[in-house]
Amino acid sequence: MIKPFFYLKPRTLEEALDALQSDGARALAGGTDLLVEIRNGERRPETLVDIKGLKDLEDLTFDPQKGATIGAGVSLNVLIDNAQVRKHLPVLSEAAFSIATYQLRNRATLVGNFCNASPAADMAPALYILGAEVVIANAEGQRRLPIHEFLTGVKQTALKQGELVLRVEIPRLPKGKMAFLKKQRIKGHDLALVNMAGLADRPTGALRICIGACAVTPVLLSDIGSLYKDAKDVEKLAERVAELSGTAISPIDDVRCSKEYREDMVRVFVKRLVRQICSGG
Amino acid sequence: MKRENNSVKITVTVNGIEYRETVPAHTTLLQFLREKLLLTGTKEGCGIGECGACTVIMNGKSVASCLVLAAEVDGAQVRTVEGEMRDGELSALQKAFIEHGATQCGFCTPGMIMSAQELLERNSNPSREEIVEAIAGNLCRCTGYEPIVEAIEAVITSKDSPRRST
Amino acid sequence: MAETNDGYTYIGKSVTRRDGVEKVTGSALFTHDLVVQGMLYAKTVRSPYAYARIKSIDTREAEKWPGVRAVVKGKELSYKVGLYVLDKDILAKDYARYQGEAVAAVAADSELAAEQACEKIKVEWEPLQPVLDPKEALKENAPRVHPDLEHYGYMKGVFFPKPGTNIPHQQKIRKGDVGEGFRQADAVVETRFYNPPVQHVPIETHVSIAQALPGGKVQIWTSAQSPYTVRNLFSVCFGIPHQNIRVKVPYVGGGFGGKAGIHLEPLCYVLSRKAGGRPVKLTMTREEEFNTMPSRQGLYSEFKTGATKDGKIVALQVRYYWDAGAYADYGVNIGRAAAYAGAGPYEVPNCSIDSYVVYTNKVFGTAYRGFGHLEVLWGIERNMDIVARTIGLDPVEFRMRNVLRPGSVTITGERITEHHGRVDKCLQAVAKEIGWKGYKTEQQREEEKRSGKVRGKGIALLHKAPAMPTFTSTGVVLKFNENGTVDLMTSLVDYGQGTYTTLAQIAAEELKIPLEKINIPWDSDTSFTPYDWQTVASKGAFMSGNATIMAARDCLRQLKETASQVLRCPVEELECGSERVFLRHQPDTAIQYKDLAYGYVYPNGNAIGGPVIGRGQYIAQGLTNLDPETGQGLPALDWTYGAHGMEIEVDTETGDVEVLKIASSFDVGKVLNEALVRGQIIGGVVQGLGSAMTEEFRFSKEGKLENPGLVDYKILTAKDIPRKMTQHVVETPQTDGPYGARGVAEHPMISVPSALGNALYDALGIDYFRLPLNAERIYFGIKSGKKEHHG
């Protein structure tokens with residue numbers, strides 16, 4: 001770490017917001033992205049504001065009527081261990097389980113994963129299809145943004161200096177089948193070459209699929225909801241959705257794999273996803 | 001909040017002993033353990049949480065100590081490999097590692113043991129898949145992992161208790 | 001695994017490793033852990049360019065940075081380092097020759113201060129056009145990586161740098177007449193292969209501490225495989241006499257060849273000298289381990305094989321182009337050694353091999369487990385399958401018709417005897433274990449493809465002899481303690497193989513004392529532990545084992561000599577056993593070892609004998625240099641043969657491969673310790689799978705390493721290992737090995753990629769020619785619809 005920083009652990013939200021006002025201040029939750037960036041010289045914050053003193057942020061609530069809320073301090077393993085999330089929002093548990101390693105998941109948080117805003121963030125596609133909303137605190141009070149407005153670019157979010165994400169809310173429990181798929185290079189811990197989450201509900205004909213790692217921000221496939229309702233054959237539906245996904249994404253070549261492989265894997269995995277969530281009753 | 005220098009005061013219990021220290025804010029838990037407390041059992045293999053050589057148990061959970069700040073362990077209970085032997089007795093896991101050839105060069109071993117020990121303390125009968133998941137974040141270049149999995153399985157099937165944390 | 005015990009007490013037993021307690025308690029100290037009084041921490045400034053002239057380096061601000069005690073740049077140093085070709089500067093002087101090469105260094109009170117000071121060093125660069133491919137580097141107008149090659153010192157008679165080129169060495173093997181051989185052939189097959197540079201990824205990165213002591217002496221602590229090599233090369237480099245250099249090697253966290261030579265020690269020393277003699281420690285970060293520390297050479301291999309229709313190889317013409325990177329290091333020797341093994345374990349009557357080691361502007365290659373043999377056998381064993389198919393023979397059958405057997409002559413003119421290993425038995429063992437019944441038919445493949453998953457089986461053979469100087473030697477000393485225990489002193493380094501445990505077994509067996517009474521002080525120290533050439537080449541158990549036997553017998557001789565006086569009998573009537581020397585025909589007439597260990601004292605006070613110190617040595621016997629034109633000679637201490645059989649399942653939609661089973665077999669001569677042999681095999685196979693499936697250095701077109709870290713350089717995790725791995729040994733005794741044993745340390749890694757490549761053909765009907773065989777490559781082969789995928 002070339003540039004030493006200050007460390008603060010506020011006891012109240014007001015203290016935290018106040019500390020985050022200064023230019024070089026950054027919030028510290030799990031630290032599994034931020035401390036790596038500091039070590040590599042990618043970020044040089046003046047002050048790290050440890051939000052783990054704010055106990056409210058550890059709340060993980062679940063209500064069949066009202067939906068779920070996941071606080072900024074909730075670690076991925078805590079999320080995975082939560083039986084209700086596993087039962088009703090398995091796409092979140094699956095996405096979380098695919099991230100990093102067991103010991104990193106004891107520290108890394110769901111909110112931290114999407115605040116880091118890597119195009120390949122594994123939590124993001126699930127949050128998109130669940131219609132998640134990000135609740136932000138600032139000196140004026142609170143504001144909320146849908147997840148797709150929160151993520152704005154590569155490592156960029158709509159969060160302003162002096163703001164803090166409090167939690168993410170899933171406003172209502174979705175009906176239907178959901179799943180998360182991720183293509184990696186090895187079975188062990190790896191970043192996604194492509195990832196995606198899908199939700200399908202036969203009665204309403206809702207079909208939502210969001211693809212990550214293939215554009216600067218996750219890509220939510222639009223206009224596919226009606227396809228499911230009219231679909232007579234899952235295989236044909238899968239093929240059609242895969243076709244549409246091809247035009248929606250804009251992947252790149254990078255050190256992990258080629259653009260062409262990403263494109264082709266999106267086709268393969270979108271089909272697998274559709275088969276998985278659109279089959280059966 | 002007034003900030004004069006970037007030191008932080010911490011009180012932390014490591015392997016049952018309480019320490020009160022003042023450290024620069026940017027000190028990682030790994031550096032604190034190795035350089036301040038001279039507990040060099042825990043190793044640095046990559047500094048970015050990818051290899052697991054720095055794994056310790058913090059408040060009952062295994063963590064990569066290279067990505068935890070010393071400042072963040074104020075008030076915490078930390079366990080390192082040095083605390084696994086008690087009263088001159090190796091733990092069941094340590095004995096199994098020796099018996100099953102689960103250690104070759106030994107550099108990944110401390111982190112591997114802490115990951116495995118934490119598993120055994122939260123799950124008394126893990127499947128092979130669960131064992132592999134618990135240690136997948138610990139890279140080993142020497143053993144090919146199979147003997148490590150065998151050592152952990154041996155502890156599970158033996159009558160020795162893996163020893164609960166105190 | 002082993003068949004019989006042959007009446008030994010310890011030999012052949014799976015005795016537990018003796019360093020276990022230190023390792024599982026974290027009390028084992030690695031150089032990574034050492035702190036020396038007054039120690040400073042070093043950091044380096046490295047080149048961002050693959051090839052650049054250093055116009056100027058301004059270190060003034062860095063020198064003033066708080067906590068900085070020394071700053072050094074290349075221009076101040078007039079030393080050359082090298083194992084075989086003295087082509088390397090301690091810090092790049094006028095030119096940086098690879099992206100990542102160190103050009104300046106700082107020693108300071110803390111790592112943080114050193115890092116911050118390094119940021120203040122300003123380097124003015126003139127980027128030059130790099131050459132990044134060995135074939136490009138061979139062209140007429142290629143950039144010269146070492147324009148001064150003709151002025152470098154080098155090991156004459158063994159290596160032949162070519163002035164005016166990028167070639168620090170070229171090795172030739174000429175046996176018979178390949179032209180005539182091709183005329184006799186019914187089929188001539190040409191193939192080409194490539195494998196990229198990779199890294200060892202030891203979990204402990206390279207780290208050294210050096211201290212310039214008063215009076216021109218030097219003290220070094222280092223994570224290294226060869227304390228005496230460090231000492232010798234240090235002496236050659238700085239002109240300091242050997243006895244003034246002390247090298248200490250504590251526990252080492254993995255080496256795999258990457259720590260075999262000399263690396264950080266000279267830089268730590270020059271910093272220490274400049275810092276008024278304070279010890280200086282330099283630890284490579286993981287990124288520096290990838291980017292600055294050496295790699296394994298990449299290789300292009302080209303084969304032209306002539307075979308008769310009844311499956312005999314009659315001609316083999318091979319070209320190897322080694323991507324040595326920016327410095328020769330071990331690379332030239334790898335080019336030599338892999339050439340003399342470069343036809344595989346087969347009898348080839350007419351053979352011509354040209355092995356070119358070529359400089360490029362990339363991180364330099366060094367020794368890596370297998371020393372070139374994994375690289376060449378990737379091509380050799382894939383080629384064997386392709387040739388077999390071309391002439392319509394089953395690949396196992398084709399190999400059986402050509403493998404070396406007693407009476408065969410190798411390509412360097414060595415005659416195989418009854419005492420060599422049996423590669424045919426290894427082949428049969430793995431073929432049986434995976435249930436090899438021949439390739440699938442195209443129809444079977446098509447049927448399977450419909451399910452999206454196809455299975456395949458593949459086999460590959462391997463061989464390797466230690467690649468070492470003809471005069472390689474080692475010494476072992478056994479010294480008794482007053483309680484009858486024995487210290488075993490050796491500079492062989494045990495960095496995980498378990499060799500110390502094996503040596504203890506041998507000592508206990510020979511001295512006829514309980515195993516627990518053999519003590520092996522762990523650290524190697526050139527002041528105390530006797531010479532060992534290097535811990536490489538799978539020769540440790542062989543050579544140091546023999547030396548241990550000799551040392552033990554020397555102890556027994558000394559014990560008997562003193563005992564014969566006390567017992568008043570001829571030495572010939574004495575036996576040793578159960579920690580005592582006794583009269584053969586009157587076993588109760590005996591003296592305990594411990595009463596002789598420091599000399600025997602009579603009741604009246606007279607004393608005879610003295611401390612019992614057994615001395616053993618072993619030097620490679622009968623080896624010769626290779627003829628520079630034909631490569632004929634006897635380079636091999638012993639050959640270990642082996643085979644792998646693999647069964648895989650391929651997801652044809654993604655290219656992902658699941659390794660269902662790997663069966664491995666080696667002729668080890670004699671299993672000295674089954675658990676340790678198993679450990680080497682499993683560990684080596686998994687490491688080999690890394691080379692086979694995931695590992696490669698990726699360079700930008702400017703020559704910058706794009707994946708210097710564990711995020712994008714993937715090694716296998718516990719989740720990635722095969723579902724089943726089996727180990728089998730053949731025991732054809734090596735007459736001159738200890739109890740008939742040969743080495744098996746490197747071998748398990750070799751030919752794993754080839755077995756996978758062959759299994760992929762069986763599964764998909766597609767031939768692949770480049771490593772790694774990752775999902776993306778396999779996928780594009782499937783997508784192309786062609787039978788060959790060269791991408």
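These legends accompany close-up views of a predicted model.

**View 1. Helix α10 of chain C.** Helix α10(C) runs over residues 373-390. Just after α10(C) comes G392(C), with a positive phi of about 80 degrees.

View 2. The side chains of R382(C) and D767(C) form a salt bridge, N to O, at 2.7 Å. R382(C) belongs to helix α10 and D767(C) to strand β30 (residues 767-768), so the pair ties together parts that are 385 residues apart in sequence. Both partners are buried.

View 3. D554(C) pairs with R557(C) in a salt bridge, and their closest N and O atoms are 2.6 Å apart. Both residues sit in helix α15 (residues 540-567), 3 residues apart, so about one helical turn separates them. D554(C) is buried, because its relative accessibility is 14% and the limit for buried is under 20%. R557(C), at 44%, counts as partly exposed.

**View 4. A salt bridge between two strands of chain A.** E169(A) and R144(A) meet through their side chains in a salt bridge of 2.2 Å, N to O. E169(A) lies in strand β10 (residues 164-170) and R144(A) in strand β7 (residues 141-146), so the pair ties together parts that are 25 residues apart in sequence. E169(A) is buried, with a relative accessible area of 16%. R144(A) is partly exposed, at 42% relative accessibility.

**View 5. A salt-bridge network with residues from chains A and C.** Five residues are linked by salt bridges here: R185(A), D190(A), R256(A), D712(C) and K714(C). Chain A supplies R185(A), D190(A) and R256(A). Chain C supplies D712(C) and K714(C). Over all chains, the structure holds 91 salt bridges.

**View 6. The interface of chain A and chain B.** On the chain A side, 30 residues are in contact with 36 residues of chain B. The buried area between the two chains is about 2700 Å², and carbon and sulfur atoms give 61% of that area. In chain A, the residues that lose the most area to chain B are Y102(A), Q103(A) and R107(A). Together these three make up 24% of what the chain A side buries.

**View 7. Polar and charged pairs across the same interface, and the chain A elements that touch chain B.** The interface of chain A and chain B has 3 salt bridges. K52(A) and E72(B) form a salt bridge, with their closest N and O atoms 2.4 Å apart. Between chain A and chain B, 11 residue pairs are in polar contact, both residues at pLDDT 80 or more. Four elements of chain A each give two or more residues to the side that touches chain B: β1 (6-8), α2 (34-39), β3 (47-50) and α6 (102-105). The largest share, 4 residues, comes from α6(A). By residue type, the side of chain A that touches chain B divides into 16 nonpolar, 8 polar and 6 charged residues.

How values were computed:
Residues numbered from 1 in each chain as written. Chains lettered and ligands numbered in written order. Predicted model: local features only at pLDDT ≥ 70, side-chain atom pairs only at ≥ 80, totals over all residues. Heavy atoms only, no water. Expected span 1.5 Å × (residues − 1). Salt bridge = Lys/Arg side-chain N within 4 Å of Asp/Glu carboxyl O. Buried < 20%, exposed > 50% of the residue type's maximum accessible area, 1.4 Å probe, protein only. Contact = heavy atoms within 4.5 Å. Buried area = accessible area lost by both parts, 1.4 Å probe. Polar contact = N/O pair within 3.5 Å; in protein donor to acceptor, adjacent residues only side chain to side chain. Nonpolar A, V, L, I, M, F, W, Y, C, P; charged D, E, K, R; others polar.
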